[in-house]
Amino acid sequence: WIALDEAWSDPERQLSPSRRSSLRRAQRKAREIGSIECEILSPKPDELDRLLLECLRIEAASWKGRNGSALASDPYRRKFFEQYARVAAERGILRLCFLRIGNHAAATQIAVESSGRFWLLKVGYDEAFSRCSPGNLLMLETLRYASARGLRSYEFLGSAAPWTEMWTDRVRKCVSVRAYPSNVRGAAAF
């Protein structure tokens with residue numbers, strides 16, 4: 001997680017010189033392909049299906065699609081995300097974010113903006129654009145967005161991973177709680 005303040009309105013300055021250089025190089029490579037556009041959308045429920053389908057397509061266009069961990073490959077998690085996204089869209093807190101390079105969607109984020117925080121739920125990118133690090137370029141823009149909105153923090157959720165360590169070394173401890181009904185089915189699940 002990142003504690004946001006005004007300094008994050010220019011997120012590049014929060015990174016090491018070598019990380020800034022890597023991002024500038026990624027931006028140059030992206031511009032060689034085409035124009036770069038970032039969209040951070042708060043979709044209405046009637047816009048959701050089309051946009052969410054685009055998010056799922058982008059997420060599956062990388063290693064997540066190959067190893068079966070993309071939402072498009074898991075009908076149960078996909079259904080959960082679709083239902084959650086619908087409720088979040090109805091409440092106006094859903095954020096679907098896209099980085100487009102040359103009019104092609106290269107990276108996506110599914111997030112919610114709630115309680116003064118930007119909660120990053122899912123990320124994905126199209127491997128066809130991997131040489132220009134589209135996920136990192138999108139992260140840069142959503143950090144800038146969250147700071148401009150006056151949000152208090154940017155929450156990565158999940159476990160610490162090499163890609164999150166580029167942005168922060170702060171980790172919130174998480175616990176998982178599971179409840180099982182007191183019956184035969186619950187005992188089998190346990």
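Predicted model: local features only at pLDDT ≥ 70, side-chain atom pairs only at ≥ 80, totals over all residues.
1. The side chain of E155 meets that of R117 in a salt bridge, with 3.5 Å from N to O. E155 belongs to strand β6 (residues 153-155) and R117 to strand β5, so this pair ties together parts of the chain that are 38 residues apart in sequence.

2. **Salt bridges elsewhere.** The count of salt bridges comes to 15. As a general principle, side chains of opposite charge can pair when their charged atoms come close. One of the pairs is R144 with E12, at 3.1 Å from N to O. This pair links distant parts of the chain: R144 is in helix α5, whereas E12 is in the loop between β1 (2-3) and α1 (17-33), 132 residues away. R144 is partly exposed, with a relative accessible area of 22%. A network of salt bridges links E12, E141 and R144.

3. **The pair D74 and R77.** D74 and R77 also form a salt bridge, and their closest N and O atoms are 3.0 Å apart. Both partners are partly exposed: the relative accessible area is 21% for D74 and 31% for R77.

4. **Backbone angles to note.** Most residues other than glycine have a negative phi. Which value does phi of N103 take? It is near 70 degrees, a positive value. N103 is found in the loop between β3 (94-101) and β4 (104-114), and it is exposed, with a relative accessible area of 66%. S133 likewise has a positive phi, of about 45 degrees, although it is not a glycine. S133 lies in the loop between β5 (117-125) and α5 (134-148) and is partly exposed, at 28% relative accessible area.

5. **Overall architecture.** The protein chain contains 7 helices and 6 strands. Along the sequence, their order is β-α-β-α-α-α-β-β-β-α-β-α-α. The radius of gyration is 18 Å, close to the 16 Å that the globule rule gives for 190 residues, so the chain is as compact as a globular protein of that length. The C-alpha trace spans about 60 × 30 × 30 Å along its principal axes.

6. Of the 190 residues, 39% count as buried. Among contacts with a separation of 6 or more, 68% come from residues 24 or more positions apart. The accessible surface is about 11,000 Å², and carbon and sulfur atoms supply 50% of this area. The chain carries 31 positive and 22 negative charges, whose mean positions are 4 Å apart.

Key: Residues numbered from 1 in each chain as written. Heavy atoms only, no water. Helix = DSSP H or I, 4+ residues; strand = E, 2+ residues; numbered from the N terminus. Rg over C-alpha atoms; globule rule 2.2 N^0.38 Å. Buried < 20%, exposed > 50% of the residue type's maximum accessible area, 1.4 Å probe, protein only. Contact = heavy atoms within 4.5 Å. Areas by Shrake-Rupley, 256 points an atom, 1.4 Å probe, with all protein chains shown as cover. Lys, Arg positive; Asp, Glu negative; His and termini not counted. Charge placed at Lys NZ, Arg CZ, Asp CG, Glu CD. Salt bridge = Lys/Arg side-chain N within 4 Å of Asp/Glu carboxyl O.
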